[in-house]
Amino acid sequence: MSTDSSDLFGALFEAPPLNRTVPVLVPMPAPKPYSYSVPEGMAVEPGSVVQVPLGPRQVIGVVWDGGEDGVDPKKLRPISHVFDCPPLSREMRDFIDWVAAYTLSPPGLVARMALRAPNAFEPEPMVEGLKFVGGEPERLTPARARVLETASDGLSWTRSGLAHAAGVSTSVVDGLITLGIFETIFLPPPPVVAMPDPEFAAARLEGPQKEAAAEIVSDVRKGEFSVSLIDGVTGSGKTEVYFEAIAETLKRGRQVLILLPEIALTASFMERFQDRFGAKPAEWHSDLAPRMREKVWRQAVTGEVRVVAGARSALFLPFEDLGLIIVDEEHDPAYKQEDRVFYNARDMAVVRGRIGDFPVVLVSATPSVESQVNGQNGRYSTVHLPTRFGDAALPDLHLIDMRRHAPERGGFLSPVLIRAIGKTVEKREQALLFLNRRGYAPLTLCRVCGHRFQCPQCSSWLVEHRFRKQLQCHQCGHAERTPEACPECGTLDHLVACGPGVERIAEEVERHFPEARTIVLSSDIMGGVKRLRLELDAIAKGEADIVIGTQLVAKGHNFPLMTLVGIIDADLGLANGDPRAAERTFQLLSQVTGRAGRTGLKSHGLLQTYQPQHPVMQAIVSGDSDAFYEREITERERAALPPFGRLASIIVSAETRHDAENHARGMRNAAPQVSGISVLGPAEAPLALVRGRHRFRLLVHGRRNSDMQGFLRAMLSQSPKERGSVQVQLDIDPQSFL
């Protein structure tokens, strides 16, 4: 009996039976999940991580809530594969939906942030190990004897682990394997970090710290949603206080997430955590190696990792049983993401705590105005730490009026600050000079024709980086070699640097103190994060006399010998139209001056300013933060600015100015007429050209109780469609106004 070849082909490749449909959220900007059929015998549930066909590709997706949509399964493409990992919990799916609805982002792009480690969706492979089966080799060398003694406890070992523990080379272990004294077994993959022990080294807190810890721990024990704000001066023991909340959460068998604004630079925090709990937390940030990211993701979702310390993206890790979120330095602008999905991790952390019904702790020496107001009206419980821990005192702060104590010609350091640096170095203590401006100079021009070096793709000046002999744009990254002659008029040796950056301050410092050991800290330092960590460690060990840095130095570092902080240009942050300019300047300068005197040494802070009577300057030197916040809150309330009003920013960009402006005007005309909500603009954005794209901005302002999302949905639905090169970016609660 013969079989037709076409029948055989059909039998071999017959599609599996299909019995139902499910919605699957895929990581792309689609407004809702797509429907897929489930092959017979395949088990999926809401939250299952799956692989599905999308056009010609296979993509990762998540089975979503909503059930069957009534479409015949035979008309739909089937799910290709179900990954062997725990499904995303209902809590996590609700969080993704909430973030998408609030930020008006496609839910698939939000889900994508929770699925950033695709190789972690299948179980990690087993690790080859060894087990001692008994016996003794005829030739027993001292090295072999050490191996046998180490392995005699009956535990299983990896080959390299046993060799390391016994202090021998792996070839010694290999020889014993050949003799049959060890057998090969397979072990589960090791955890990325050891299990933290809440009783390892309990802190001995005193006075206000002890009372604050008791209050925070009480909230944890209730096991329900609450938000606490730890408001304490720099060096007041805030970290030790929230460590007690972490310890209580671990005792209750739940997981902890610690958000930090610059996790890649905070090796000192990891060490403090290890000193308290006997093990480091798992890390999660963009500089983590892909393989380690996969391990952390997998072990967070299975519950093997109990504590994760991470940057803002760690908020989207699908923990098995998250029971506490700590947001350290909650005021920091680094918590705001301004790419694809625009969100503030501090605010979304509170939302995740509310959805999961567990406590959230916000921590700062200079809390945001929003958190201060929430504390005043009872939404958050506020815990105050008004004094430094132990015997340490806050630095004495003084203003240097640059109109009366001007620098020498061509310099930027006041004689008053130079004398203070000299005295500090003589005492073998450290001085920190802060200027929030990278490079050598923010502007380079020609003395002869006035030509200014500008980025060809952005409306910003090129910043000179003299160490690298480059002119660089800090918006798009464009760089070009610093020329010897003006490209406009051809004149040699007449290019002049205008204004200071940290490199130029370093040059001036070395001229005044040639024997001092000087370190420059900036985010564009050669060597990246690893080099920065080494530099920070060197400073902490006293291997530098003078440190010159940008805002990186304000990120919670502890430098024991730092007794002088000099602010080169205290007015810098006030010179823009940002409604948060005063708040940001106050926070940044307070954080920087707080680096001094943390170990009890007498310390000073000197702020160079041309506006000594400005309320921000007066608030900092007087230490009267309450008066500053009261004034700032009153002004915000009068102007109905956040948190007393609502803002949304719309940036329209295109390859031509005409297209961007026309589309922005079309959007403005499509705005519905709603009481309490107004649309300002369109106007050219302060940075009108970025990466070759022209930008126009609309600002939507509403009362606190306004339905901002509903208004924007209606506006977008009636707006002209994005055509050609036009792109629209929507930012709810904007932090940047450039």
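Predicted model: local features only at pLDDT ≥ 70, side-chain atom pairs only at ≥ 80, totals over all residues.
Let me begin with the cores. In soluble globular proteins, nonpolar side chains tend to be buried together. Here, the largest nonpolar core comprises 55 residues. Those with the most contacts inside this core are Leu257, Leu259, Trp297, Val308, Leu315, Phe316 and Ile325.

Leucine 315 deserves a separate word. Leaving aside residues up to four places away in sequence, Leu315 touches Met92, Phe95, Leu257, Leu259, Ile325, Ala345, Met348, Ala349 and Arg352. Another core, of 36 residues, lies apart from the largest one and has Ile525, Ala570, Ala619 and Phe628 among its members.

I turn now to the helices. Helix 12 (residues 369–376) packs with helix 18 (residues 625–639) at an angle of about 95°, and their axes are 11 Å apart. Angles of 65 to 115 degrees count as roughly perpendicular, which makes helix 12 roughly perpendicular to helix 18. Helix 12 contributes Val369, Glu370, Gln372, Val373 and Gln376 to the contact, while helix 18 contributes Tyr629, Glu632, Ile633 and Arg636. By type, the residues of this contact are 4 nonpolar, 2 polar and 3 charged.

Finally, helix 14 (residues 502–512). Its buried residues are Val502, Glu503, Arg504, Ile505, Ala506, Glu508 and Val509. Against which strands do the buried residues of helix 14 pack? They pack against strand 18 (430–434), strand 20 (463–465), strand 23 (495–498), strand 24 (518–521) and strand 25 (546–549).

Key:
Residues numbered from 1 in each chain as written. Heavy atoms only, no water. Axes fitted to C-alpha atoms, helices over the stretch in contact; angles between N-to-C directions. Helix = DSSP H or I, 4+ residues; strand = E, 2+ residues; numbered from the N terminus. Parallel < 35°, antiparallel > 145°, perpendicular 65-115°, else oblique. Contact = heavy atoms within 4.5 Å. Nonpolar A, V, L, I, M, F, W, Y, C, P; charged D, E, K, R; others polar. Core = buried A, V, L, I, M, F, W, Y, C linked by side-chain atoms within 4.5 Å. Buried < 20%, exposed > 50% of the residue type's maximum accessible area, 1.4 Å probe, protein only.
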